[in-house]
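Have the structure open while you read.

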Amino acid sequence: MGRLSGKTAFITGGARGIGAATAKLYAAEGAAVALSDIDGEGAAALAAELSAQGAKAVGFRHDVASEADWADAMARVATLGPLDVLVNNAGILMVKLIADTTLEDFRRMEAINVEGVFLGIKAAFAAMGARGGAVINLSSIAG
């Protein structure tokens, strides 16, 4: 029994890096873990790895900048149990000179790094309701 036994956690950007490490830690601590990523195959592969180790896990493709994708993601999370923790981890960084950055590039980064966090908080609060829970927002220098 771990510190998160009986809890359901949803981690965005979970296919690799900090998101994958968080998913592994939460699963090791007993949480049911939903992880999403724009790389849906990577998220599903990690969920399968966690499941093979005895965790309850699901992984899927999710564009955090899409409100429709958030509705679908929350339905997938609910298959594991009521949401207790959202880790808003998904984000991108563009390493370009501003002169080489298009407005479309900038808007996509803004949509993922800012709007995606807003949509995640909104979806999590709706799912958690009066029961409550925790929202963890991660950021980087791009945030």
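Let's start with Phe10, which sits in strand β1, residues 8–12. (Helices, H or I with at least four residues, and strands, E with at least two, are DSSP runs numbered from the N terminus.) Phe10 has a relative accessible area of 0%, so it counts as buried. The cut-offs are under 20% relative accessible area for buried, over 50% for exposed and partly exposed in between, using a 1.4 Å probe and protein chains only. Val77 is 67 residues away from Phe10 in sequence, yet their C-alpha atoms are 6.8 Å apart in space.

Before going on, a word on the ground rules: this is a predicted model, where local features need pLDDT of at least 70 and side-chain atom pairs count only at pLDDT 80 or more, while totals for chains, interfaces and linings use all residues. Residues are numbered from 1 along each chain as its sequence is written, and side-chain values use heavy atoms, with hydrogens and water left out.

## A greasy patch outside

On the surface, Ile18, Ile136 and Leu138 make up a nonpolar patch with about 250 Å² of accessible area together. Patch members have over 30% relative accessible area and no salt bridge; nonpolar side chains (Val, Leu, Ile, Met, Phe, Trp, Tyr) are joined within 5 Å, like charges within 9 Å. The areas come from the Shrake-Rupley method with a 1.4 Å probe, and for residues only the protein chains shown count as cover.

Ile136 belongs to strand β5, residues 134–137. Its relative accessibility is 33%, so Ile136 is partly exposed.

## Charged pairs

Side chains of opposite charge can pair when their charged atoms come close. Here a salt bridge means a side-chain nitrogen of Lys or Arg within 4 Å of a carboxyl oxygen of Asp or Glu, and the count comes to 8. One of them joins Asp39 to Arg16, with the closest N and O atoms 3.9 Å apart. That pair ties together distant parts of the chain, 23 residues apart: Asp39 is in the loop between β2 (32–37) and α2 (40–52), and Arg16 is in the loop between β1 and α1 (17–28). Asp39 is partly exposed at 31%, whereas Arg16 is exposed at 53%. Both belong to a salt-bridge network that also includes Asp37.

Two other pairs are worth a look. Lys96 and Asp105 meet at 2.5 Å, N to O; Asp105 is buried at 18% relative accessibility, while Lys96 is partly exposed at 43%. Arg61 bridges to Asp69 at 4.0 Å, and here Arg61 is partly exposed at 49%, as is Asp69 at 22%.
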